[in-house]
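Colleague: I would like to go through this model with you, one point at a time. Shall we put it on screen?

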Amino acid sequence: MHAGPQNPGRRPLCRAGAAALLAAAGWTGAAWSAPITFNTALPVAKGEFVFREQFVLDQSGDDPGGADRDRTAWAAVSVLGYGVNGDLALFGVVPYVDRSLDMTVGGARRSRGAAGLGDVALFGRYTVFKDNFRGGNFRVAPFAGLELPTGDDDESDAFGRLPASVQPGSGSWDPFGGVVLTYQTLDFQIDAQASYRANTEANGFEFGDVARLDASFQYRLWPRDLGGGVPGFLYGIVEANLVYRDENRTGGRDDPDSGGTTLFLVPGLQYVTKRWIAEAAVQLPTVQDLNGTALEKDYVARAGFRVNF
Amino acid sequence: MNRIVRTTAFALSLLLLPLVAFAAPTQYQLQVDGLACPFCAYGIEKELNRTDGVENIRIDINAGTVTVTMAEGGTMTEAQASRIVEDAGFTLGGFEEVRAQASNKPE
């Protein structure tokens with residue numbers, strides 16, 4: 001249930017909406033090899049472009065509120081990265097989203113949703129420390145950016161204006177930032193990231209701020225022995241995302257049925273060549289400590305590719 | 001008769017040897033510190049391909065080396081190589097000129 005014509009005042013889906021928005025926009029899942037659910041500190045060479053396309057299915061359906069809510073969000077997230085030099089890279093993120101919410105209201109099943117261009121995000125990442133050694137490297141790179149209100153945030157249907165959780169855009173200007181660390185060798189790679197996103201108000205509604213801790217371990221499964229040249233690498237990946245989300249606010253009041261903490265464990269596979277990467281992973285919510293009747297996440301599946309040119 | 005042919009062939013090969021050596025292209029071997037994944041290698045390759053006089057590039061990711069073959073008369077300085085590697089986000093750990101075999105064909 002959400003703030004709609006027949007259910008005013010309840011907004012438990014807003015938390016899931018913010019999660020989907022974040023996941024779909026992929027604002028930290030930029031354009032490099034390595035982690036699938038967030039960024040890396042690996043460089044983008046000067047004058048080089050990296051393009052990433054990731055398809056995301058975000059499914060929530062375990063409803064403690066009794067309305068049998070089921071929320072599905074599809075997204076195609078396009079990311080373009082550009083290397084200004086060996087240390088500074090700029091990224092643009094353009095999501096196309098399709099969100100729907102089914103629920104039972106007054107004994108009848110109701111389906112609401114919208115599709116369209118989501119909110120574009122722009123950010124920069126600068127390497128403040130790097131240690132390049134033979135066969136590996138270690139890097140620390142802060143990043144900061146802004147999500148712009150480019151997506152429609154006033155979609156409506158026969159029941160009235162759609163709730164914020166299924167609008168393609170948020171309508172708000174949302175700054176975010178963080179720091180990412182990467183330790184890479186020929187055999188394995190470890191990435192870790194801490195980030196914060198300050199969501200702002202739009203249309204009398206404000207998604208809760210989001211704090212994240214992410215970690216990723218990638219291990220080269222094939223080839224087991226490296227010969228000459230540049231062979232493709234098949235990595236097995238395990239990631240973890242600890243996501244804390246503050247309560248949403250409507251009309252200046254906190255929504256007690258939104259926000260909370262979720263821990264995802266993420267198995268995945270990635271095939272990396274010199275020019276392209278193919279990858280897939282699924283985020284499984286292993287711990288969900290949510291407020292009130294906030295809708296619980298089932299899974300988030302991701303698949304995509306990256307190319308450099 | 002056979003002896004005359006063999007002697008002539010030997011003499012000709014001795015005469016041609018300096019020419020062969022002269023025709024061998026110049027190669028440089030760059031040790032690239034930090035290079036540890038295939039996707040990262042492309043940045044260096046792309047930058048080298050934009051460099052005048054570079055005819056062929058061979059990357060060995062396991063050794064962390066990039067072997068650059070120059071076109072005839074082409075040269076590369078260590079400063080040039082260092083800039084290219086830095087622009088890709090890595091560090092030049094070594095720079096050495098090596099003499100290529102004349103029979104080497106560009107890949």
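**Strands, helices and loops**

Modeller: In chain B, strand S2 and strand S3 (residues 65-70) pair in the antiparallel sense over 6 bridges. Bear in mind that this is a predicted model.

Colleague: In S3(B), which residue is the bridge partner of B:Ile59?
Modeller: S2(B) and S3(B) pair in the antiparallel sense. B:Ile59 belongs to one of these bridges, and its partner in S3(B) is B:Val66.

Colleague: Which strands of chain B stand at the edges of the sheet?
Modeller: The sheet is open, has 4 strands and is antiparallel, in the order S2-S3-S1-S4 of chain B. A strand at the edge has a single partner strand, so one side of it is left without a neighbour in the sheet. That applies to S2 (54-60) and S4 (91-99) of chain B.

Colleague: What does the twist average from one strand to the next?
Modeller: The strands follow the order S2-S3-S1-S4 in chain B. From one to the next, the twist averages 20 degrees.

Colleague: What angle does the direction of H2(B) make with that of S2(B)?
Modeller: H2(B) packs on the sheet. There it touches S1 (26-33), S2 and S3 of chain B. Its direction makes an angle with that of S2(B) of about 165 degrees.

Colleague: H3(B) lies across which strands?
Modeller: H3(B) runs at about 135 degrees to S4(B). The strands it lies across are S1 and S4 of chain B.

Colleague: Is H2(B) parallel, antiparallel, perpendicular or oblique to H3(B)?
Modeller: H2 (residues 38-49) and H3 (residues 78-87) of chain B pack with their axes 8 Å apart, at an angle of about 135 degrees. Angles over 145 degrees would count as roughly antiparallel, and 65 to 115 as roughly perpendicular. The angle here therefore makes H2(B), relative to H3(B), oblique.

Colleague: Is the crossing of H2(B) and H3(B) left-handed or right-handed?
Modeller: The two helices pack with their axes 8 Å apart. H2(B) passes H3(B) in a crossing that is right-handed.

Colleague: By class, what residues make up the contact of H2(B) with H3(B)?
Modeller: H2(B) brings B:Ile44, B:Glu47 and B:Leu48. H3(B) meets them with B:Ile84, B:Val85 and B:Asp87. The classes come to 4 nonpolar, no polar and 2 charged residues.

Colleague: What pattern does chain B follow along the sequence?
Modeller: Chain B has 3 helices and 4 strands. Buried residues are 33% of its 107 residues. Read along the sequence, the pattern is α-β-α-β-β-α-β.

Colleague: Which element gives the most to the side of chain B that touches chain A?
Modeller: 24 residues of chain B are in contact with 30 residues of chain A. On the chain B side, H2, S2, H3 and S4 each give two or more residues. That side divides into 11 nonpolar, 7 polar and 6 charged residues. The element that gives the most, with 8 residues, is H2(B).

Colleague: Now chain A. How many residues lie between S18(A) and S19(A) in their hairpin?
Modeller: S18 (residues 276-290) of chain A also pairs with S17 (residues 260-272) of chain A, antiparallel, over 11 bridges. To S19 (residues 296-308) of chain A, S18(A) is joined by 8 bridges, again antiparallel. A:Gly292, in the turn between S18(A) and S19(A), has a positive phi of about 55 degrees. The residues between these two strands number 5.

Colleague: Where is the cis peptide bond, and what is omega?
Modeller: Most peptide bonds are trans. This one joins A:Trp222 and A:Pro223. A:Pro223 lies in the loop between S13 (210-222) and S14 (233-245) of chain A. Omega is about -5 degrees.

Colleague: Is A:Asp68 buried or exposed?
Modeller: A:Asp68 sits in the loop between S1 (49-62) and S2 (70-83) of chain A. Its phi is positive, about 50 degrees, although it is not a glycine. It has 12 C-beta neighbours inside 10 Å, so A:Asp68 counts as exposed.

Colleague: And how does A:Asn203 count, buried, exposed or partly exposed?
Modeller: A:Asn203 lies in the loop between S11 (188-197) and S12 (205-206) of chain A. Its phi is positive too, near 60 degrees. With 14 C-beta neighbours inside 10 Å, A:Asn203 counts as partly exposed.

How values were computed
Residues numbered from 1 in each chain as written. Chains lettered and ligands numbered in written order. Predicted model: local features only at pLDDT ≥ 70, side-chain atom pairs only at ≥ 80, totals over all residues. Axes fitted to C-alpha atoms, helices over the stretch in contact; angles between N-to-C directions. Parallel < 35°, antiparallel > 145°, perpendicular 65-115°, else oblique. Left-handed = near helix turned anticlockwise from the far one by under 90°. Contact = placed C-beta atoms within 7 Å. Nonpolar A, V, L, I, M, F, W, Y, C, P; charged D, E, K, R; others polar. Pairing = 2+ DSSP bridges. Buried ≥ 20, exposed ≤ 12 C-beta atoms within 10 Å, placed from the backbone.
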